[in-house]
Amino acid sequence: MRRHRNVKIVATLGPASSDYDTIRALFEAGADVFRLNMSHGDHEDIRSRHNIIRDIERDTGRPICILADLQGPKLRCGAFEGDSAEIEEGQSFRFDLDDAPGDSTRVQLPHKEIFEALTPGSTLLVNDGKLRLRVEECGDDFADCTVVTGGTISNRKGVNVPDVVLPLAALSEKDRKDLEFVCGLGVDWLALSFVQRAADVEEARELAQGRAAILSKIEKPAAVEAFQEILDVSDGIMVARGDLGVECPVQAVPPIQKRLIRQCRAAAKPVIVATQMLESMIDSPMPTRAEVSDVATAIYEGTDAIMLSAESAAGSYPIEAVRTMNAVAEQVEGDGTYREIIEASRSSVLTSTADGIVAAAREIAETTDIKAICCFSHSGSTALKISRERPRVPIIALTPITETARRMVLSWGCHCVLTQTVERFKFAVVSAVRATKAAGFAEGTDQVVVMAGIPFNVPGSTNILRVAPCDERQIFGAEAD
């Protein structure tokens, strides 16, 4: 079941998509990666969905990627007398540690760490930024504020602190338990929320112990400021535009998205653009034109993947949402302007033998009649380098390691194939040719580019390239091994 596009589709599972038939229909409609949101559903719900995905993987014979999204710390205000209160622009309002019910003048903020980090002039946002307050005076247990944007404030609404780095770890106690649980299940990627610094990622990596790749969610201004350091220690990135659009000015989000995608591509690390991509399809079978344009823009920018959240997890039209994304992707990638933009934004990164061979493979494929670029990858690094090149022909990523195949699914253009371990390059070529023909990318009269490393099964050893015929008689008839 080959895709006729290169960008990948991530579909979040939830109440609207929790049985075998629906999840399989999502896969057949175009979902490549399934996201398990640890903010919703208990461990048994997560286990059930994970098992269903693996059943579908077995039944279809295609590697499927699973992404577990950790919740991260949740900062919320306390409760109110009567459940809510009205605050008006210009009035004073206090946050403190007192657990007495709040009113129109104060409420509890049960996070001592916030008070430790605040300074006069800091901003506090409540309820996804609908309410905005400016700190005038603060101490270890209080913050006296002026209301900048008023409205209704109610029980346990979320609080954001956009302009300070909070002395909070990205992993709560719940996250640590969830991380151990999903790593035990065998998920492929861990999405880490509330990332502010590279140390947050390193902590998660130490706990994961190589059982899953680490994907950092960029949703705070501090993470944008420290992005290169975070990228260096991450395996992938999610541009989480929901919280990012709350804590940053909304007009700043599109340039940030574009810049982060380019940096990820230069680093050969996959990047997902997420949040509100087809929001209206939660309740409607058709998206708005603005949403379609938003999805198309992310694809034109060269993102590896685009993501559905509530649209596929809790909406009324989960399968239609995936089909819509798939149709937009196919249309965009068939546009000549898409190739112009992708190739104009290609950065030349030649620091190793593998980099040179990958660049040469792309050049050969685009100047001769080559149907696919095939690579054998133990760790997945070679496939990531080819994906960075964004070639015009399909990428066939072959590996004998199931976990590697699943993780590579997230990367742009990678058609992942599990293959047997090979010890000689000639048999690697045969395996590549058979996989390419079986997936419908080539026929017996065509040619492909094959890359591998000698000795085999050593990560990072890519050092050989061959233009190979798809006719196996010619392969076995050649003198070279």
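Biologist: In what order do the strands of the six-stranded open sheet lie, and which kind of pairing do they have?
Modeller: The order is 6-5-9-8-7-11, and the pairing in this open sheet is mixed. Its edge strands are strand 6 (106–108) and strand 11 (159–160), each of which pairs on one side only. As background, strands of a sheet pair through backbone hydrogen bonds, either parallel or antiparallel.

Biologist: What kind of model is this, and how are its residues numbered?
Modeller: This is a predicted model, in which local features need pLDDT of at least 70 and side-chain atom pairs count only at pLDDT 80 or more, whereas totals for chains, interfaces and linings use all residues. Residues are numbered from 1 along each chain as its sequence is written, and side-chain values use heavy atoms, with hydrogens and water left out.

Biologist: How many helices and strands does the protein chain have, and what makes a run count as one?
Modeller: The protein chain has 18 helices and 21 strands, where helices (H or I, at least four residues) and strands (E, at least two) are DSSP runs numbered from the N terminus.

Biologist: What makes strand 8 and strand 9 a pair?
Modeller: Two strands pair if DSSP finds at least two bridges between them, and strand 8 (residues 131–139) and strand 9 (residues 142–149) have seven, in the antiparallel sense, so they are a pair. Within this pairing, Arg 134 has Thr 146 of strand 9 as its bridge partner.

Biologist: Which strands pair with strand 1, and in which sense?
Modeller: Strand 1 pairs with strand 16 (residues 305–308) in the parallel sense over four bridges, and Ala 11 stands opposite Leu 308 there. Four bridges also join strand 1 to strand 2 (residues 33–37), again running parallel, and Leu 13 has Leu 36 in strand 2 as its bridge partner.

Biologist: Why is strand 1 described as mostly covered?
Modeller: Buried means under 20% relative accessible area, exposed means over 50%, and partly exposed lies in between (1.4 Å probe, protein chains only). In strand 1 (residues 8–13), six of its six residues are buried. Lys 8, Val 10 and Thr 12 point one way, Ile 9, Ala 11 and Leu 13 point the other way, and all are buried.

Biologist: Why is Ser 154 called buried?
Modeller: Ser 154, which has its place in strand 10 (residues 151–154), has a relative accessibility of 18%, under the 20% limit, and therefore counts as buried. Leaving aside residues up to four places away in sequence, Ser 154 touches Cys 77, Gly 78, Phe 80, Asp 83 and Ser 84, a contact being heavy atoms within 4.5 Å.

Biologist: What makes the phi of Gln 209 worth a remark?
Modeller: Most residues other than glycine have a negative phi. Gln 209 is not a glycine, yet has a positive phi of about 55 degrees. Gln 209 is found in the loop between helix 5 (198–208) and strand 13 (213–218), and at 64% relative accessibility, which is over 50%, Gln 209 counts as exposed.

Biologist: Where does Thr 275 lie, and what is its phi?
Modeller: Thr 275 has its place in the loop between strand 15 (271–274) and helix 10 (289–300), and its phi is near 90 degrees, a positive value in a residue other than glycine. With a relative accessible area of 21%, Thr 275 falls in between the two limits and is therefore partly exposed.

Biologist: How do you know that the radius of gyration of the protein chain agrees with that of a compact globule?
Modeller: The radius is taken over C-alpha atoms, and the globule rule is 2.2 Å times the number of residues to the power 0.38. With 481 residues, a compact globule would have a radius of gyration near 23 Å, and the protein chain has 24 Å, which agrees.
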